[in-house]
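My notes follow in the order I worked.

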Amino acid sequence: MKLLLAEDDAMLADALTTQLGGAGFEVEHAPNGAVADYLLGKQSFDIAVLDIGLPMLDGLSVLKHVRQTQPALPVLLLTARDALDDRVAGLQAGADDYVTKPFDFPELVARLQALLRRSQPASASALLGRLSLDAASRRALVAGDALELSGREWTLLELLVSQQSKVVTKEQITQAWSAEGGETGGGNSIEVYIHRLRRKLEDAGLVIRTVRGLGYLMEAEA
Ligand code: CA
């Protein structure tokens, strides 16, 4: 999960970067609002944490700007204690949640995870072993590292994951591929793709079993 952290307090930013890294986030740190705004426009993030009081461009302005192009990006604001106006303005500007400084780190992580769950409906994302799929961006991650998959490999993987522990037939695979508009392959071709996928999933804690005469099924490694 790629996270943008916009925070000008260097000590807090360092501590958060380390702790969020430990919690499984890949953190990009922006020390001011202008850098945050630039990074949000340039890179793709799964979630953003914006301090409101930032130099150069405040957190609310960064939020309003990113909302124009990324209405669905989960954004959590860091607000000062008692700054009720900030919180109201933040929610009005499209923030999904906020935490008030000083906050406990576990609370921040719990809020971030809740936002991520809300932003990825269960039907669109799945987690199996060390593999996670994001259907919206057609990305597969193993322990946080993106797998390089061709379009067909992605379709095959998504199908196996969606039917986990049930047999996926060769007909289903061929249909899924042709629904994508690509060429349809024969039986050999499916075997080639299964073979490639097995190699790419070696570190995922998953196995693709061949069920003779029927098809394939994916399950967690025993
Ligand atoms: Ca600040």
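**Entry 1, parallel sheet.** I began with strand β1 (residues 2–6), which runs parallel to strand β3 (residues 47–51) and is joined to β3 by four bridges. I note for the record that this is a predicted model. Within this pair I found A6 standing opposite L50 in β3. Helix α2 (residues 33–42) packs on the sheet here, and I listed β1, β2 and β3 as the strands that α2 touches. The direction of α2 makes about 135° with that of β2.

I then traced the whole sheet. It is open, has five strands in the order β2-β1-β3-β4-β5, and its pairing is parallel. At the edges I have β2 (26–30) and β5 (97–100), each of which pairs on one side only. On average, neighbouring strands of this sheet are turned by 20° against each other, direction ignored.

Which protein atoms are the donors of the calcium ion? I found D8 (OD), D51 (OD) and G53 (O), at 2.1 to 2.3 Å from the ion. Along the sequence I wrote the spacing of these donor residues as D-x42-D-x1-G. G53, at 46%, counts as partly exposed.

E7 forms a salt bridge with K101, and their closest N and O atoms are 3.0 Å apart. This pair links distant parts of the chain: I placed E7 in the loop between β1 and α1 (10–22), and K101 in the loop between β5 and α5 (105–119), 94 residues apart. E7 is buried, with a relative accessible area of 1%. I also noted that E7, D51 and K101 are linked in a network of salt bridges, and D51 is a donor of the calcium ion as well.

Next I took D96 and R67, whose side chains meet in a salt bridge at 3.0 Å, N to O. D96 sits in the loop between α4 (84–92) and β5, while R67 belongs to helix α3 (residues 59–69), so the pair ties together parts 29 residues apart in sequence. Are the two partners buried or exposed? D96 is partly exposed at 32% relative accessibility, whereas R67 counts as buried at 15%.

I have K170 as partly exposed with a relative accessible area of 27%, and E191 as partly exposed with 37%.

Last, I looked up an open sheet of three strands, ordered β10-β12-β11, with antiparallel pairing. Why is one side of β10 and of β11 left without a neighbour in the sheet? β10 (168–169) and β11 (206–211) stand at the edges and each has a single partner strand, so one side of each lacks a neighbour there. β10 pairs with strand β12 (residues 215–220) over two bridges, in the antiparallel sense. The bridge partner of V168 in β12 is Y216. Helix α6 (residues 151–162) lies across β10, β11 and β12, and I noted its direction as about 70° to β12.

Notes:
Residues are numbered from 1 along each chain as its sequence is written. This is a predicted model: local features need pLDDT of at least 70, side-chain atom pairs count only at pLDDT 80 or more; totals for chains, interfaces and linings use all residues. Side-chain values use heavy atoms; hydrogens and water are left out. Donors are N, O and S atoms within 2.8 Å of the metal (3.2 Å for Na, K and Ca); water is not among the atoms, so sites may look incomplete. Buried means under 20% relative accessible area, exposed over 50%, partly exposed in between (1.4 Å probe, protein chains only). Two strands pair if DSSP finds at least two bridges between them. Axes are lines fitted to C-alpha atoms, for helices over the stretch in contact, and angles run from 0 to 180 degrees between N-to-C directions. Contact means heavy atoms within 4.5 Å. A salt bridge is a side-chain nitrogen of Lys or Arg within 4 Å of a carboxyl oxygen of Asp or Glu.
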